[in-house]
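Visitor: I am new to this structure. Please show me how to read it.

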Amino acid sequence: MVRRRISPTARIKTVLAVGGIDPSGHAGLFADVRVFTDLGIRWKVAATAITAQSKTKFYSWTAVPIPTFKAQLQAAGTKIFGVKIGMLATPRHLAVLLDWLKQTGPRWIVWDPVLSASTGPTLFRGSPRHPKFLELLARCDVFTPNLPEVEAVLNRKIAGQSGIEKAAQELLKLGKKPMRLLVLKGGHANDRKYSTDLVYSPRGYAELRAARRPGNPRGTGCTYAAALLSALCLGRNGLEAARFAKDYVLKHLFAK
Ligand code: PLP
């Protein structure tokens, strides 16, 4: 009898990370692929920008030429299960990515809306109110902003619990209907004791709370979104994936 062999790698999903290159390895595409590799997910990347930075100092960045970015997306092929989006550099890169997403239709689009580096400089040369930015918001499945990013997208300051709740409802209205997962990350909130992420999904609402740990590591947003997409690839549901990603960041980026 001939047995059909199932390749041990047959079920491994491939993801595409779109973002900038941080040569220090703390954030951006290198941080993403470190997570994917650690969790056994196959990956490809498409770079929007090359930055020059160390752990603490940002020197400069330059956008990858549009034809090169387009070619990288083409080269990634169509068998992409999920896309993790970070630094988008310019509205033109965003528009090219949107076209590619429409053509290929990956199962999951996870967007960490990187607008500036924690060391200061702007990493998106455009407005978060740009029509293409809002179009991507309406297309993504998972949106993982921190508080400053929410304020930039909604173009106003957010204060207090009721302000955050109102902002979440507004983002959900701007987003895909229904958005599969909206995570408002609590790392920038005022609470000194806990960092609480607010997770909205069609299944309901949850608060993921963790005691704050010392340190201010770089690349937390990138690592979080990459871990979340990895968990989705491994079959977890949205809330489980959000919980997994939070634990992953705590375990790998913060001292115990
Ligand atoms: N992506 C890239 C390419 C970056 O260079 C940075 C920051 O410098 C980020 C993302 C955001 O990372 P962080 O949260 O450490 O500022």
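Visitor: Is Cys140 buried or exposed?

Guide: Buried means under 20% relative accessible area, exposed over 50%, partly exposed in between (1.4 Å probe, protein chains only). Cys140 has 0% relative accessibility, so Cys140 counts as buried. Cys222, at 9%, is buried too. This is a predicted model, where local features need pLDDT of at least 70, side-chain atom pairs count only at pLDDT 80 or more, and totals for chains, interfaces and linings use all residues. Residues are numbered from 1 along each chain as its sequence is written, and side-chain values use heavy atoms, with hydrogens and water left out.

Visitor: How many disulfides does the structure hold?

Guide: A disulfide is a covalent bond between the sulfur atoms of two cysteines. The test is a pair of cysteine sulfur atoms within 2.5 Å. The structure holds zero.

Visitor: Which residues come nearest to the ligand?

Guide: Count a residue as near if one of its heavy atoms lies within 4 Å of the molecule. There are 14 residues around the ligand, and Gln53, Ala117, Ser118, Arg218 and Gly219 come nearest. The shell has seven nonpolar residues, six polar and one charged.

Visitor: What lies 2.5 Å from a ligand oxygen?

Guide: An N or O atom in the side chain of Gln53. For Arg218, a side-chain N or O atom is 2.8 Å from a ligand oxygen.

Definitions and conventions. Polar contact = N/O pair within 3.5 Å; in protein donor to acceptor, adjacent residues only side chain to side chain. Nonpolar A, V, L, I, M, F, W, Y, C, P; charged D, E, K, R; others polar.
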